[in-house]
Amino acid sequence: MFSKADNSAAWAVGGALALFFLGGLITTVVPPLVDKSWGRPAPGLKPYTEIQLKGRAIYVREGCWYCHTQQTRTLVSDTKRSGWRGVDSPISTPDEFVYDKPHMFGTKRTGPDLSRVGGKYDTQWHRTHFRNPRDLVPGSVMPPFPWIVNDPVEFPALVAYIQTLGRAKDWRPDHDYEK
Amino acid sequence: MPDNNAAAATGARPAEAGPVAHPDTTAKWFLISAICYFFIVGIIAITIAAKFCWPELLGTVPYLSYGRLRPLHVNGMLFGWLLAADMGLAYYIVPRLCGVKLWSEKLGIATAALWNVIILGAVFALMGGYNQGLEYAELPLPLDILVVIAWIMFGINIFGTIMTRRYQQMYVSLWYIMGCILWTAFVYLTGNFATEFTSGVNQANLNWMYVHNAVGLIFTPIGLGIAYYFIPKSSETPLYSHRLSMVGFWALSFVYVWTGAHHMIHGPISQWLQTIAITFSLMLLIPVWAVVYNFFATMKGQWHQLRDNVPLKFLMSGVVFYLLTCFQGPMHSLRSVSAIVSKTDWIPGHAHMAVLGCFSFFAVAGIYYVAPRLWRTQLHSDALANWSFWFIIMGGLGFFVTLWLGGFWQGWQWNNPAIPFIDTVKALQPIWLVRFFSGVMIFLGIVMFAYNIMATVVGRKAYVQ
């Protein structure tokens, strides 16, 4: 019955593309139209400043996102690990990431998730840590980044970006950098 | 076999070359450059594996840091080695299945040259930190545009050959290669250009659609097209069923594209979209089983050939890895399994089994099969080819199995928040050490393979028909 179609390149082209676009459009074009929260910023979300954007570009350039995710998933253990002093972190929601371009959700956690790291560690901690992570965290496998720490422009920019992470939701009981 | 349409139509056997003399210059250039990148990027692969064990290694050189070498490893292996090898084999297969010469050998050589420009450009861009920040789409925009141009040149040549074919019947390899060219065009545009106009979750969704389908609709169809050609060829056995191969093709073209969101199970993306992705991920078992059953049924009564047929060894172990990796994929899209394995070292174990264990095995088998035929000689050493198989598969198994065990263990630890994160890192140290030595074994196998092919090409002695 299908032998005619089976020998036709035009049928191959048309059929393969039709099936592709059916699935492709429903899963990529439709979702942002249905779920408005994908494009609407969270109430506490501020656009990045110039220095924060510069820091973000460094985070992208150095491939930090290959080892650090930025998403507190709906799993209990995620909310506890992203938490602070016994308070669980809220889960990540799409409206917190509206200004993220490129997105930095990540796929692999060789190091800890960073979605709520903003405000937890001060500049001095980051300076020591970036110079050699094992000085502060024995057993860490994070590479050292001396060329960033030694750069008077890049280091403050990167820290400024890191301090923004997860700040769209106000949930921590303490002031910044309190241990 | 003479030009015999009736036999080709009923036997579903890849048609023979017939009287056409194929120059194959394009195929040769693609395969040689692919093998070079396989070797060069292999060095980068073991370097980044070593960095997990010795994090200070090359630590003060920005260009050689983990974050820059990892994308070079991924892009180099995917586009420099595997896709180039697959394209080279397509340039070999398609004219033979059509019974005509390649549509334009000049266009093909230009495509090979452009492809090398792209890969060399990628090396400089990625080591220099010009990274777009999207997985598998790291290359900067100018290189993306060149990739599109090269792909169009490849598509024109392949479709031009198919349009002028002398055999009416289209063997399944042609279907898969045509599907690959069409889908890749749109998948690549989505992942590298549509993402430019979006941000946040919307962009991530497009990115995962691309990442998933880079494997599912680029490497899977062209890899299966190659396996469908070389399994019957190297075992000299007709394919079990043409009809079943068509079921697999159409099922693949329907279900693969829906599954991108399974990369964000439990993450900040709509639950209904996650559920769609999970449903279609499970349906992937249909095309996978259709393909694997067809290959196993083809080998029925022929398994003894595996004793001394190296291409067939690579092909059939690739089929087993294909079955395993495509069973893992649907399983860890399930919410319960994803909660354990997602983001762990299980994932690189899974990804390497797909791209190395399955599709690279198909490509290596194809090259072992075609190299003596392209250069009209005999393979330099069958024994060395056999050693390369055993090194790559033993190293590969060491790599996959330790990362699954380690990743699962890591996932259990993460799900117990009483364990500090750094302790879950320390726990993986022995796993990473085994992974490094497995990687060295794989690399030695690659060296044997590359040397064997190069020696076949350069030092060819016996000329055979």
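Predicted model: local features only at pLDDT ≥ 70, side-chain atom pairs only at ≥ 80, totals over all residues.

Reader: What makes a crossing left-handed?

Author: The near helix has to be turned anticlockwise from the far one by less than a right angle. H13(B), residues 346-374, and H16(B), residues 429-458, pack at an angle of about 20°, and their crossing comes out as left-handed.

Reader: Why are H13(B) and H16(B) called roughly parallel?

Author: The cut-off is an angle under 35 degrees. Their axes are 11 Å apart and meet that test with an angle of about 20°, so H13(B) and H16(B) count as roughly parallel to each other.

Reader: Which residues make the contact?

Author: From H13(B) come B:Leu356, B:Val364, B:Ile367, B:Tyr368 and B:Ala371, while H16(B) brings B:Ile442, B:Phe449, B:Asn452 and B:Ile453. By class, that contact holds 8 nonpolar residues, 1 polar and no charged.

Reader: On to the empty space. How do you know where it is?

Author: A probe the size of a water molecule is rolled over the atoms, and that shows where empty space is left.

Reader: What makes something a pocket or a cavity?

Author: In a cavity the probe fits but cannot get out, whereas a pocket is open. The largest pocket here has a volume of about 1200 Å³. Its lining has 47 residues, and those nearest the centre are A:His68, A:Gly111, A:Pro112, A:Leu114 and B:Phe421.

Reader: Which helix gives the most to that pocket's lining?

Author: H6(A), with 4 residues. Other helices supplying at least two residues include H5 of chain A and H15 of chain B. The pocket's lining divides into 27 nonpolar, 11 polar and 9 charged residues.

Reader: And how many cavities of 30 Å³ or more are there?

Author: A search of the whole structure turns up 7 of them. The second largest cavity holds about 100 Å³ of space. Among its 13 lining residues, B:Asn75, B:Phe79, B:Ile119, B:Ala122 and B:Leu139 lie nearest the centre.

Reader: Which helix gives the most there?

Author: H4(B) does, with 6 residues. The lining of this second largest cavity has 11 nonpolar residues, 2 polar and no charged.

Notes. Residues numbered from 1 in each chain as written. Chains lettered and ligands numbered in written order. Heavy atoms only, no water. 1 Å grid on protein atoms, 1.4 Å probe; cavity = no way out; pocket = protein on both sides within 12 Å on 5 of 7 lines; lining within 4 Å. Points joined across faces, edges and corners; volume = space filled by probe spheres on them. Nonpolar A, V, L, I, M, F, W, Y, C, P; charged D, E, K, R; others polar. Axes fitted to C-alpha atoms, helices over the stretch in contact; angles between N-to-C directions. Parallel < 35°, antiparallel > 145°, perpendicular 65-115°, else oblique. Contact = heavy atoms within 4.5 Å.
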